[in-house]
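Keep the sequence and the 3D view at hand as you read.

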Amino acid sequence: MSAAAVEHPCDGEPESLLETANSLMEQHPGYRVEIIGGVITVAPPPDGPHADALTTLMIPFLAAGLHGEETRVLQGIGLWLPGGPEDYAIPDLAVVDADRDEHLVENNCYDPAVFRLVLEVTSSNYNNDLRNKVAAYAEAKIPVYVIVDRKHGRVHVLTEPMGGGYDGHQVYAPGQTVALPDSIGAPVTLDVAELIRAGRRRT
């Protein structure tokens, strides 16, 4: 993760953060640009194991029927955040209400009220997922936040958002299974070892 340098033209009004973020996305196709806590972050395209872990993750959600009439399982959908006037995030995976199009806020981002779960698979910017996004998603009252921490070989499940954090925080290691809260719309169980194995870089 890197904070983007913001340059303003000499004449006229300075660009807003949102304008700068959109400009960066145009200049760097494939990069993920977000504004969290009023700071623009730019992450390079994920590697192959990240994509493998994400696909492996989707399978149990789809098998549970969560990509149906009531909910949808989506990658890279924009989440408008209440932490700042232009804050938004793009989680790797989300379970959202099927009527999310009725809750479009701005800049292709949706009201946090339609998100039942957000999930991040860590990359080089793992501190952003483990710290900044914990506070941002909790403030947005996202009920379940799952982090597949590839660096440390663990899965975090955060529930019960309260202010700038989550009251519930469970950490799972390979050999354990994760039963996600039924509040996401259906029972889903994740195999930690399978996820960590999928996300491991091959040498």
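Leaving out neighbours within four places in sequence, L57 is in contact with L93, L119, V121, V148, L190 and L195, where contact means heavy atoms within 4.5 Å. Before going further, please note that this is a predicted model, in which local features need pLDDT of at least 70, side-chain atom pairs count only at pLDDT 80 or more, and totals for chains, interfaces and linings use all residues. Residues are numbered from 1 along each chain as its sequence is written, and side-chain values use heavy atoms, with hydrogens and water left out.

**The cores**

L57, F61, L117 and L180 touch the most other members of the largest nonpolar core, which has 28 residues. Such a core is a set of buried Ala, Val, Leu, Ile, Met, Phe, Trp, Tyr and Cys residues joined through side-chain atoms within 4.5 Å; buried means under 20% relative accessible area, exposed over 50% and partly exposed in between, with a 1.4 Å probe and protein chains only. Among the elements that each supply at least two residues of this core are helix 2 (48-63), strand 10 (115-121) and helix 4 (192-198). Helices (H or I, at least four residues) and strands (E, at least two) are DSSP runs, numbered from the N terminus. Helix 2 gives the most to this core, with 5 residues. A second, separate core of 22 residues includes L81, A136, A140 and Y145.

Six strands form an open sheet with mixed pairing, in the order 4-7-10-11-12-13; two strands pair if DSSP finds at least two bridges between them. Strand 4 (71-75) and strand 13 (165-172) stand at the edges with a single partner strand each, so one side of each has no neighbour in the sheet.

| Strands | Sense | Bridges |
|---|---|---|
| Strand 7 and strand 10 | antiparallel | 4 bridges |
| Strand 10 and strand 11 | parallel | 4 bridges |
| Strand 12 and strand 13 | antiparallel | 7 bridges |

V96 stands opposite F115 in strand 10, I147 in strand 11 is the bridge partner of E120, and M162 stands opposite G165 in strand 13.

Helix 2 packs on the sheet, touching strand 4, strand 7, strand 10 and strand 11. Helix 3 packs on the sheet too, touching strand 10, strand 11, strand 12 and strand 13. How enclosed is strand 10 by the rest of the structure? Because 6 of its 7 residues are buried, strand 10 is largely enclosed.

**Two arginines in loops**

R150 is placed in the loop between strand 11 and strand 12. Is R150 buried or exposed? With 19% relative accessibility, R150 counts as buried. Its side chain makes a polar contact with the side chain of D47 (3.2 Å); a polar contact is a pair of N or O atoms within 3.5 Å, and within protein one must be able to donate a hydrogen and the other to accept it, while residues adjacent in sequence count only if both atoms are side-chain atoms. A polar atom of the R150 side chain also lies 2.8 Å from the backbone oxygen of T122.

R100 is found in the loop between strand 7 (93-97) and strand 8 (104-106). Not counting residues up to four places away in sequence, R100 touches R72, L74, I77, Y110 and V114. R100 and F115 are 15 residues apart in sequence and 8.6 Å apart in space, C-alpha to C-alpha.

Key. Axes fitted to C-alpha atoms, helices over the stretch in contact; angles between N-to-C directions.
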